[in-house]
Amino acid sequence: MTSHMEFTAGLNPQQQQAVIAGPGPVLVLAGPGSGKTRVLTHRIAYLISALGVRPRHILAVTFTNKAAREMESRVVHLIGQGTQGITLGTFHATCARILRREAKNLPFESNFVIFDADDQVGLVKRIIRDLDLDEKRYRAPGIHASISNAKNDLLLPDEFPINTFRDEIVQRVYLSYQKLLLASNALDFDDLLLWTAFLFEEFPKVRTKYARFYEHILVDEFQDTNFAQYVLLKHLVAFHHNIFVVGDTDQSIYRWRGADYHNVLRFEKDFPDSQVILLEQNYRSTQAILDVAMTIINRHPYRTPKLLFTSREQGQKVVLHEVYDDREEAVFVITTIVDLVARRSAKPGDFAVMYRTNAQSRLLEEAFLRAELPYKLVGAQRFYGRREVKDVIAYLRLVHNPDDEISLIRIINVPRRGIGDKSSIALRTQAQTSAVSPGNLLLDLGRNPSAPNQEWISRRAGAALRNFGELLVKWSDQKSKLTPLALMDLILEDMDYRSYIDDGTDEGSDRWENVMELRRLAAEFHKKGLTAFLEQVALVSDQDTLTGTMNVPTLLTLHAAKGLEFPIVLIVGLNDGTLPHSRSFDDPEEMMEERRLFYVGITRAMDRLYLVCAQNRSLYGYPEPVDASRFLDDIPHDLIEDARFSRSSPRPRRTPLHHSTKWSAAVDNTPDTKSAYQQKFHPGMQVQHPTWGDGMVLNSRIDDGDEVVDIFFKELGLKRVAASLAHLEILS
DNA sequence: ATGGACAATGTTTTT
DNA sequence: CATTGTCCAT
């Protein structure tokens with residue numbers, strides 16, 4: 001009782017109830033901003049300190065590694081040290097650990113590598129070629145997606161459901177795909193779950209061992225678990241039945257990845273004795289923001305009604321802004337941020353700019369760069385996706401696991417060492433006939449350069465292969481003696497990698513910088529070793545790269561925004577085709593998910609929310625007229641501040657088709673044609689002021705016969721000037 | 001084997 | 001438009 005107090009202090013009654021609930025299954029349905037992370041961390045603290053559960057018997061599953069780290073530090077904050085031994089991580093990371101430990105029962109070695117998305121699709125592509133299939137008809141990413149879906153439903157190749165001819169193709173590719181993965185001693189993301197489920201099913205003793213070991217299991221973002229994960233959970237709780245899941249079906253946005261929010265409903269059915277707790281009070285957003293969020297999500301049919309209320313004040317109205325095109329959208333983002341910062345109503349780090357697709361970040365980045373404002377970007381051309389980074393990792397992976405054929409293919413001729421397609425194909429066929437992996441064949445060649453039976457290769461190509469083989473042997477001999485960092489340095493030096501990528505251009509030194517960044521990461525794995533380093537590299541996610549220290553705006557996709565909050569949020573690209581994305585038009589399920597995605601974005605905002613839509617958008621190079629997002633039609637007029645844009649560039653009149661009236665009204669009485677004064681300044685222009693120096697025009701409008709220009713000066717920041725007085729010179 | 005020039009082709013979201 | 005793949009000349 002008293003011991004409960006300290007873990008429930010400062011929590012509302014529902015939160016308290018959740019923290020001390022149990023024993024047995026508990027389902028917490030938590031609306032956005034309702035403090036679910038707090039509940040989870042307090043619950044863990046409570047289990048350890050009040051109930052005396054040993055940390056090692058607790059398993060907590062989060063959606064990202066970052067969420068795991070954050071949770072750990074918050075628990076430590078609550079109860080001090082004493083959290084050591086707790087299993088805390090993503091499903092994938094947790095499964096990887098289990099599989100390495102139990103590999104003796106499974107058809108791969110415990111030093112298996114984990115293929116990333118590129119590797120996976122690359123492998124599928126190779127199989128499609130090998131099987132002599134039409135690459136146009138059967139595109140690798142699509143086939144791979146089908147395989148991935150099957151795996152998430154725990155369907156092995158021979159269980160793959162056949163309904164169409166394409167299914168037969170997929171099945172053949174799937175079969176071959178699994179064979180090649182195993183031949184490479186590799187697993188893909190989905191395999192981590194699949195093989196763990198397989199392990200638990202085939203080896204009841206192993207399953208029981210883990211089920212007995214984990215006395216308490218906690219799961220965050222439960223609405224985004226897939227079938228495989230659900231099955232794993234059922235295995236793991238089979239002994240103690242102490243499962244505590246937290247989720248919100250309204251925030252389910254990973255259906256395309258196999259996530260199924262029906263798991264929430266399934267949970268209540270599978271665990272009839274479960275306790276259900278609703279967290280409805282919102283502590284994050286103003287009422288104004290929450291009102292808009294509710295109008296969006298209430299259009300969502302078949303949902304369990306949930307009443308959200310906030311403890312916060314009404315707040316400022318949500319602002320809806322229409323701009324001419326996506327270029328101007330970016331300018332509006334900058335203007336808004338600069339303006340609010342200049343007026344000291346916000347810090348740069350308070351802002352987040354959210355969009356549907358990664359491609360949309362480009363224009364925004366350019367605008368930030370032009371304005372010379374720093375920002376941070378989550379995801380996109382992710383660090384680990386960079387060519388030079390992937391190359392170096394491929395070397396390490398190959399040395400670590402010579403069977404990794406994908407990595408070998410990747411770097412066998414990078415940098416150029418005279419091993420072309422012909423030679424690598426010859427190597428592959430020769431490896432096949434002698435029933436070893438190409439990597440091991442190379443190692444043999446390197447160890448035994450004068451071995452007989454080398455007729456399969458020309459003298460010159462053979463020399464190149466042997467040279468490379470000798471390097472591989474050297475590195476392999478060193479790998480157990482050196483730290484990951486030292487091994488990496490050795491490889492970099494032996495290949496003279498720097499002179500290969502750093503060609504003196506800016507881009508070249510950027511690329512070398514990336515390699516140096518990877519070095520820094522490797523340095524953190526002195527103790528943990530190469531396996532851990534490679535696993536980390538494979539399993540970190542985009543959002544894990546988000547560092548909260550810098551006071552600058554954040555650019556991120558709506559997906560990446562889940563679980564985060566920001567004082568001021570700008571959601572851009574609110575146009576049909578972008579949000580909702582055009583790929584969701586013909587599938588009502590997907591359309592609902594787009595709606596939830598929008599809802600997630602809205603509910604990230606604490607104080608202020610800006611919604612931005614454009615009249616024109618270039619999707620394929622050419623700008624095209626686009627409709628405002630259909631979701632905007634669902635928001636009542638009085639919930640929104642209609643900040644009609646002061647026009648700066650000529651705005652072609654659109655013919656609204658199935659387009660809501662509130663926009664048309666805004667479009668029709670734009671001020672530009674009324675004014676006698678001809679506008680001279682447009683966003684993006686470089687201008688010079690006699691005393692303030694150079695700057696960029698952020699915005700300009702006609703006001704009372706004069707042109708009012710907002711300029712971001714390099715030296716002074718944002719200034720608003722009247723064109724008739726300021727003697728501005730246009731530079732570009 | 002390599003590198004350049006051209007054509008085609010395609011864009012969600014990510015552990 | 002921007003990336004990726006194919007073809008061709010060195």
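Colleague: How much accessible surface does chain A have?
Modeller: The accessible surface of chain A comes to about 32,800 Å², and 52% of it belongs to carbon and sulfur atoms; such areas come from the Shrake-Rupley method with a 1.4 Å probe, and for residues only the protein chains shown count as cover. This is a predicted model, where local features need pLDDT of at least 70, side-chain atom pairs count only at pLDDT 80 or more, and totals for chains, interfaces and linings use all residues. Residues are numbered from 1 along each chain as its sequence is written, chains are lettered from A and ligands numbered from 1 in the order in which they are written, and side-chain values use heavy atoms, with hydrogens and water left out.
Colleague: And what share of chain A is buried?
Modeller: Of the 732 residues in chain A, 56% are buried, meaning under 20% relative accessible area (1.4 Å probe, protein chains only).
Colleague: Which residues have the most contacts inside the largest nonpolar core?
Modeller: Those are Val-173 and Leu-192, in a core of 65 residues, where a nonpolar core is a set of buried Ala, Val, Leu, Ile, Met, Phe, Trp, Tyr and Cys residues joined through side-chain atoms within 4.5 Å. Apart from that core lies another, of 48 residues, with Val-389 and Leu-530 among them.

Key:
Buried < 20%, exposed > 50% of the residue type's maximum accessible area, 1.4 Å probe, protein only.
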